[in-house]
Amino acid sequence: MSRRVSVVSLRGLSKEFSRGGVVALQNIDLEIAPGEFVSLIGPSGCGKSTLLRVIGDLVEPTGGEVVVNGKSARQARLDRDYGIVFQDAVLYDWRTVAKNIALPLEMGGWNRGRRRARVGEMIELVELGGFEGHHPWQLSGGMQQRVSIARALSFDPSLLLMDEPFGALDEMTRERLNMELLRIWERARSTIVFVTHSISEAVFLSTRVVVMSARPGQITGVVEVDLPQPRNAETRGEPRFFELVTEVRERLRAGGLDTAGEGGEEELIAAEEGL
Amino acid sequence: MSTTAPLPVQPIPRGTLGRRVGRSLGDWAPAALVFLLGIAAWEGLVRGLAVERFLLPPLSDILRTLWADRSFFIDAGLFTFKEALGGFVIGSAAGMLVALVLARWRPLGRALMPYAIAANAIPIIAFAPITNNWFGLLNPASKMAIAAVLCFFPVMVNTLRGLTSVPPSSIELMRSYAAGEWEIFRRVRIPNALPYVFTALKVATVLAMIGAIVGDYFGGSQEALGIQIRRFAGIFAFEEAWAAILVASVLGIGFYAAVAIAERLALSWHPSVRGSQE
Ligand SMILES: Nc1ncnc2c1ncn2[C@@H]1O[C@H](COP(=O)(O)OP(=O)(O)OP(=O)(O)O)[C@@H](O)[C@H]1O
Ligand SMILES: [Mg+2]
């Protein structure tokens, strides 16, 4: 047991929502080592968002154990060990773009000068210059999503939980932010758990892709991504990249056929078209 | 990053204080026109059709009476306005405080809410003669009490709704920053409740004026506007009665407008406020 402590350790985890009796997660076992970039992929409703919420101690599991950074998920949350990007942006309307990004810094006790400098960097990173004083409802969906990404990155959390962060973005911005995220991840040596519906995005970014199936939400396969680091524009052209994409797709298809989920099938096709 | 692509959308310039509060002349013109037409119609129809004085006197006669006895009417108006304002402040403050307590301790809120809603449906103005007995006929506190109770319920119910109708993910984000209950109140629930609170406060200004004036109708100090309206109507001094009603109306509208302006200043971030500039 004296090997390196996992950043996230899930053992026999399950979550059943009492309302409707939905088994969102069943018997999930997953170890995530420091510095890993793990993608979760699977049909809609298979419990990806729920899994992130359980890791973040925002949802109580009904069974099993969650350990984050060697402590209980609750303690990790209280220690502000992770930053989270929700599936929808979750911005506060009464705060401007700059103040939304500064929120975790305010709560972490950063002084005004450091806050301003960091918010400036983040605004530049997500290309929202000129919109600092705007309110969330004055932004497009993709711009709102970028604010929420900037907010999660602003305080350099060692663990990032990201729920389809690039879902609302155009292809060019998405690819650029993919590269930026990898750069931040390499530089900060952080650990990332990343939910996506795009197989190619999962393979491109990750060190490991975790494939899930729905009803009940289970892990049906794990694909180790042995592409060389750092990833760059050439990565997407390598034969090995295509092999891995095919492997993830096969795993997804196997999971989809097993459960024969109606919604799952559609989502699977959507995920393939995203390629 | 050295490559700064041209912005796809140009930022919208932020409004100045003046623009946030006021509107341009063009926005006001239609309303002003209706106002003038209404006055002209009043004056014209009452004189043209020779409407009896006890039904509705001509506006010009009312204004003349008002001007002739202006210090009397203004003093009476301010006396009653102070009753209304006192009741408004006490009732609204109590409503917000109780809402905070009920939102913070939800089981308590769930236990008390049915009674609050039932109490809200009581015609509270019916208690006016009773509060006169409690505090004394001439004591302004008896009118303030009625106004306060009238204001309390809508402010309490609306504030509670605003404090509790927060999207779950907004709370989850705060919890991910290890925020405690009070910090969530301060940073999320209270700002979220502000639009609800101001809506209720605007209603409360009207209720406070009604409470104070109708409270007067059941007896009170000779200085009060409500007493004077009742007295003038009783002695067939219709111009005087209407002049007093006009004073009450102007005070009521002014009270409402003051809260509406405070709302625009406090909620400058709100889509309903910012949106009206464009
Ligand atoms: N608060 C909740 N109460 C009841 N059921 C819930 C709740 N949250 C999620 N569920 C259920 O749990 C299951 C998993 O939901 P979850 O949001 O984790 O899926 P997901 O994999 O993120 O889907 P998507 O890809 O569409 O975002 C769904 O069947 C959903 O109906
Ligand atoms: Mg989801």
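Two residues are in contact here when heavy atoms of theirs lie within 4.5 Å of each other. With that rule, select chain A and chain B together: 35 residues of chain A are in contact with 28 residues of chain B.

Before going on, note that this is a predicted model, in which local features need pLDDT of at least 70 and side-chain atom pairs count only at pLDDT 80 or more, while totals for chains, interfaces and linings use all residues. Residues are numbered from 1 along each chain as its sequence is written, chains are lettered from A and ligands numbered from 1 in the order in which they are written, and side-chain values use heavy atoms, with hydrogens and water left out.

**The interface**

Keep both chains selected. Chain A and chain B bury about 2,900 Å² between them, of which 60% is on carbon and sulfur atoms; buried area is the accessible area (1.4 Å probe) that two parts lose on being put together, summed over both. Across this interface the rule finds two salt bridges, a salt bridge being a side-chain nitrogen of Lys or Arg within 4 Å of a carboxyl oxygen of Asp or Glu. To see a salt bridge between the chains, select Arg53(A) and Glu172(B), whose closest N and O atoms are 2.7 Å apart.

The interface of chain A and chain B also holds eight residue pairs in polar contact, both residues at pLDDT 80 or more. A polar contact is a pair of N or O atoms within 3.5 Å; within protein, one must be able to donate a hydrogen and the other to accept it, and residues adjacent in sequence count only if both atoms are side-chain atoms.

On the side of chain A that touches chain B, at least two residues each come from helix H2 (73–78), E6, H3, helix H4 (112–125) and helix H6 (171–188). H3(A) gives the largest share of that side, four residues. By kind, the residues of this side of chain A divide into 16 nonpolar, six polar and 13 charged, with Ala, Val, Leu, Ile, Met, Phe, Trp, Tyr, Cys and Pro counted as nonpolar, Asp, Glu, Lys and Arg as charged, and the others, Gly among them, as polar.

Next select Arg95(A), Glu106(A), Glu183(B), Arg186(B) and Arg187(B), which are linked in a network of salt bridges.

**The magnesium ion**

Move to ligand 2, the magnesium ion, which is coordinated by Ser49(A) through OG and by Gln87(A) through OE1, at 1.9 to 2.2 Å. Ser49(A) is in helix H1 (residues 48–55) and Gln87(A) in the loop between strand E6 (82–85) and helix H3 (97–107) of chain A, so that this pair, 38 residues apart, links distant parts of the chain. Donors are N, O and S atoms within 2.8 Å of the metal (3.2 Å for Na, K and Ca), and since water is not among the atoms, sites may look incomplete. Ser49(A) counts as buried at 18% relative accessibility, whereas Gln87(A), at 40%, counts as partly exposed; buried means under 20% relative accessible area, exposed over 50%, and partly exposed in between (1.4 Å probe, protein chains only).

**Salt bridges within chain A**

Over all chains the structure holds 25 salt bridges. Select Arg11(A) and Glu31(A), whose side chains meet in one of 3.5 Å, N to O. Because Arg11(A) lies in strand E1 (residues 8–17) and Glu31(A) in strand E2 (residues 22–32) of chain A, the pair ties together parts that are 20 residues apart in sequence.

Then select Glu201(A) and Arg174(A), which form a salt bridge of 3.0 Å, N to O. Glu201(A) is buried at 3% relative accessibility, and Arg174(A) is buried at 16%.

**Chain B**

Of its 278 residues, 42% count as buried. Select Glu263(B) in helix H11 (residues 238–266), a buried residue with a relative accessible area of 13%. The side chains of Glu263(B) and Lys202(B) are joined by a polar contact of 2.9 Å. Leaving aside residues up to four places away in sequence, Glu263(B) touches Phe198(B), Thr199(B) and Lys202(B).
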